[in-house]
Amino acid sequence: IVAAYRSSVENSTDERLRSCFTAAHEAVEKSGLGHRQEGRVGAAVVAAVVEAHQITVARVGAGRAHALHEGKAENLVKEVVAGYIGDGTTEPDVQSFPIALTPGERLVLATEPTARTIAPDLAALCRGSSPQIAAHALITAAQRRGERSALAVQVLEIRSLASQRAPLPSTARLAREELPAFRDGRGELEDVWNDPPAAVSRGT
């Protein structure tokens with residue numbers, strides 16, 4: 001999805017995300033060809049683009065996004081989207097939210113079982129620790145509360161605004177000022193263009 005986003009020729013964030021999900025459908029369908037589960041391979045996907053003045057979230061299937069903003073955890077999406085990546089037909093639900101995350105604030109992407117189980121305590125569990133430790137704490141909390149299915153979470157922390165740093169050469173179509181730099185469970189990332197985040201996943 002990250003590669004498809006970067007190579008997309010669409011102009012808007014909304015359309016670029018939609019084109020990514022089309023590519024994801026094709027990739028998952030192709031991966032199932034020739035296997036016993038052909039036609040039954042799929043995944044729920046939630047993706048987000050953080051820009052200077054908004055967050056855009058795209059989903060197919062059960063996935064959640066929470067913004068840890070101004071000391072509170074805000075649930076950005078409240079309904080489950082039917083279908084899954086790999087069915088070849090489900091269009092993503094794409095929504096934009098006028099939230100400007102600032103350095104130190106976080107965005108949490110999680111599967112439905114994870115988010116549902118730990119939602120009331122999400123802000124507290126993410127406070128005062130690295131993104132990696134926070135992700136582990138969220139998964140551990142869900143497991144201790146009896147949840148066992150499809151536990152996965154990614155915690156992204158805004159490190160600095162791109163507009164506050166000297167520009168670096170980039171072939172990306174979006175201006176660097178549109179995106180903040182962030183860090184995730186692998187530690188601080190030097191630049192969002194050079195190193196896409198990897199999901200932090202724990203559980204069974």
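This is a predicted model: local features need pLDDT of at least 70, side-chain atom pairs count only at pLDDT 80 or more; totals for chains, interfaces and linings use all residues.

Biologist: What is the strand order of the open sheet, and in what sense do its strands pair?

Modeller: The order is β1-β2-β5, and the pairing of these three strands is antiparallel. β1 (45–50) and β5 (93–97) each have a single partner strand, so one side of each has no neighbour in the sheet. From one strand to the next, the twist averages 15 degrees.

Biologist: How many bridges join β2 and β5?

Modeller: Strand β2, residues 55–60, pairs with β5 through five bridges. Within this pairing, Ala-58 has Val-94 of β5 as its bridge partner. Helix α2 (residues 13–31) packs on the sheet and touches β1, β2 and β5. The direction of α2 makes about 25 degrees with that of β2.

Biologist: Which residues of α5 are buried?

Modeller: The general idea comes first: an α-helix has 3.6 residues a turn, so residues three or four places apart point the same way. In α5, the buried residues include Pro-131, Ala-134, Ala-135, Leu-138 and Ala-142; Ile-139, Thr-140 and Ala-141 complete the list.

Biologist: What span does α5 reach from its first C-alpha to its last?

Modeller: Helix α5, with 14 residues (131–144), reaches 20 Å, close to the 20 Å expected at 1.5 Å a residue. Just after α5, Gly-146 adopts a positive phi of about 95 degrees.

Note on methods. Residues are numbered from 1 along each chain as its sequence is written. Side-chain values use heavy atoms; hydrogens and water are left out. Two strands pair if DSSP finds at least two bridges between them. Helices (H or I, at least four residues) and strands (E, at least two) are DSSP runs, numbered from the N terminus. Axes are lines fitted to C-alpha atoms, for helices over the stretch in contact, and angles run from 0 to 180 degrees between N-to-C directions. Contact means heavy atoms within 4.5 Å. The expected span of a helix is 1.5 Å times one less than its number of residues. Buried means under 20% relative accessible area, exposed over 50%, partly exposed in between (1.4 Å probe, protein chains only).
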